[in-house]
Amino acid sequence: MLTAGFVVENISGAEISLSYVDCKYNDVWSQAESKINAADNTGGFVYSNNGKISNSYIINTPIYSQGNIAGFVYENNGE
């Protein structure tokens, strides 16, 4: 199963802009609930990017996986 914090697949010609993932809510941190937890390879923001990503980020988000982890994009063939 593919896992990402925001988008699994950003297709060619598509654009993600001015977006973010932040697991901290109102300065309250619940480590049990605020995380990305996966059994396979994981992208913190996007799993597969074939389009464009601009002015976007991930912050305050622990990522746990039994597979490989990329903090922002796991597979990048776009911009």
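This is a predicted model: local features need pLDDT of at least 70, side-chain atom pairs count only at pLDDT 80 or more; totals for chains, interfaces and linings use all residues.
## Close-up views of an all-strand chain

View 1. Residues are numbered from 1 along each chain as its sequence is written, and side-chain values use heavy atoms, with hydrogens and water left out. The protein chain has 12 strands and zero helices; both are DSSP runs numbered from the N terminus, with strands (E) of at least two residues and helices (H or I) of at least four. Of its 79 residues, 35% count as buried, where buried means under 20% relative accessible area, exposed means over 50%, and partly exposed lies in between (1.4 Å probe, protein chains only). Among contacts in the protein chain between residues at least 6 apart in sequence, 79% join residues at least 24 apart; a contact means heavy atoms within 4.5 Å.

**View 2. Here is an open sheet of three strands, in the order S2-S7-S12 and with parallel pairing.** S2 and S12 stand at the edges, each with a single partner strand, so one side of each has no neighbour in the sheet. Neighbouring strands of this sheet are turned by 10° against each other on average, direction ignored; the axes are lines fitted to C-alpha atoms, and angles run from 0 to 180 degrees between N-to-C directions. Strands of a sheet pair through backbone hydrogen bonds, either parallel or antiparallel.

**View 3. A closer look at the two pairings of S7.** Strand S2 (residues 7-10) pairs with strand S7 (residues 46-49) in the parallel sense, over three bridges; two strands pair if DSSP finds at least two bridges between them. Look for Glu 9, which stands opposite Ser 48 in S7. S7 also pairs in the parallel sense with strand S12 (residues 73-76), again over three bridges. In this pairing, Asn 49 stands opposite Asn 76 in S12.

**View 4. Thr 42 and its surroundings.** Thr 42 lies in strand S6 (residues 42-43). This residue counts as buried because its relative accessibility is 0%. The side chains of Thr 42 and Ser 65 make a polar contact at 3.4 Å; such a contact is a pair of N or O atoms within 3.5 Å, and within protein one must be able to donate a hydrogen and the other to accept it, while residues adjacent in sequence count only if both atoms are side-chain atoms. Leaving aside neighbours within four places in sequence, Thr 42 is in contact with several residues, including Thr 3, Ile 36, Tyr 47, Ile 63 and Tyr 74.

View 5. Asn 55 sits in the loop between strand S8 (52-54) and S9. Its phi is near 50°, a positive value in a residue other than glycine. With a relative accessible area of 60%, Asn 55 is exposed. Asn 60 lies in the loop between S9 and S10, and has a positive phi of about 55° although it is not a glycine. At 33% relative accessibility, Asn 60 counts as partly exposed. Pro 62 is also found in the loop between strand S9 (57-59) and strand S10 (63-65). At 19% relative accessibility, Pro 62 counts as buried. Pro 62 and Asp 22 are 40 residues apart in sequence and 9.8 Å apart in space, C-alpha to C-alpha.
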